Amino acid sequence: MPVYVVNSKPETVPEPTKALIARDITQIHCNVTGAPAKFVHVFFFENGPIPPLGEQSAMVYGQIRSGRTDAQKAQICSDMQASVCKHAALDPSEVQVFTTDTPASWVMEGGDVLPEPGEEDAWLAAHEAKVASAPSA
């Protein structure tokens, strides 16, 4: 968590730019929220069912942990739209970005329920200690 889905019309987001957009999405999310990069997941689809494209050339849908401010969400959307526009050479009118909130308690990462925003450091320390003490397969 978070999960970002980039859905575009075929050949709108060239293959080489997907890694750049994924990197930007990860950096944007982490810079705005303070979340660890290992929590961010980015997927790309062409004409995928979610989010439906309609008249848009590309859409970014982010499912993020509840607790982010409206200002944080607006910054995430604005910066991610700018990244997709830059790397795919699209006009902002062709790219829509939106997020939805999901309670942290509804999500597991690495077998553990995610922490609330701001509690990541303690969660990571406990999770890494658990992983380190697990028997090897």
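Where does Lys38 lie?

Guide: This is a predicted model. Lys38 sits in the loop that links helix 1 to strand 2, residues 41-46. Setting aside residues up to four places away in sequence, Lys38 touches Glu109, Leu124 and Glu128. Lys38 and Thr26 are 12 residues apart in sequence, and their C-alpha atoms are 8.9 Å apart in space.

Now the setting. The protein has 3 helices and 6 strands. From the N terminus, the order of elements is β-α-β-β-α-β-β-β-α. The C-alpha trace spans about 50 × 35 × 25 Å along its principal axes. Of the 137 residues, 46% count as buried. Take the contacts between residues at least 6 apart in sequence: 75% of them join residues at least 24 apart.

Helix 1 covers residues 15-33, and helix 2 covers residues 70-88. The two pack at an angle of about 160°, with axes 10 Å apart. Angles over 145 degrees count as roughly antiparallel, so helix 1 and helix 2 are roughly antiparallel to each other. The crossing of helix 1 past helix 2 is right-handed. On the helix 1 side, the contact is made by Thr17, Leu20, Ile21, Arg23, Asp24, Ile25, Ile28, His29, Val32 and Thr33. Helix 2 supplies Gln72, Gln75, Ile76, Asp79, Met80, Ser83, Val84 and His87. By class, this contact between the helices has 8 nonpolar, 7 polar and 3 charged residues.

Follow the chain out of helix 2. Ala89 lies in the loop between helix 2 and strand 4. Its relative accessible area is 69%, so Ala89 is exposed. Ala89 also has a positive phi of about 55°, although it is not a glycine. Most residues other than glycine have a negative phi. Asn47 is another case, with a positive phi near 55°. Asn47 is found in the loop between strand 2 and strand 3, residues 58-65.

The side chain of Asp91 makes a polar contact of 2.6 Å with the side chain of Ser93. Asp91 and Val107 are 16 residues apart along the chain, yet 34 Å separates their C-alpha atoms.

Leaving aside neighbours within four places in sequence, Asp112 is in contact with Val107, Trp123, His127 and Lys130. Asp112 lies in strand 6, residues 112-113. Its relative accessibility is 15%, and buried means under 20%, so Asp112 counts as buried. Two of its partners meet its side chain through polar contacts. One joins the side chains of Asp112 and His127, at 2.5 Å. The other joins the side chains of Asp112 and Lys130, at 2.6 Å.

Pro2 is found in the segment before strand 1, residues 3-8. The peptide bond from Met1 to Pro2 is cis, with omega near 5°. Most peptide bonds are trans.

Methods. Residues numbered from 1 in each chain as written. Predicted model: local features only at pLDDT ≥ 70, side-chain atom pairs only at ≥ 80, totals over all residues. Heavy atoms only, no water. Axes fitted to C-alpha atoms, helices over the stretch in contact; angles between N-to-C directions. Helix = DSSP H or I, 4+ residues; strand = E, 2+ residues; numbered from the N terminus. Parallel < 35°, antiparallel > 145°, perpendicular 65-115°, else oblique. Left-handed = near helix turned anticlockwise from the far one by under 90°. Contact = heavy atoms within 4.5 Å. Nonpolar A, V, L, I, M, F, W, Y, C, P; charged D, E, K, R; others polar. Buried < 20%, exposed > 50% of the residue type's maximum accessible area, 1.4 Å probe, protein only. Polar contact = N/O pair within 3.5 Å; in protein donor to acceptor, adjacent residues only side chain to side chain.
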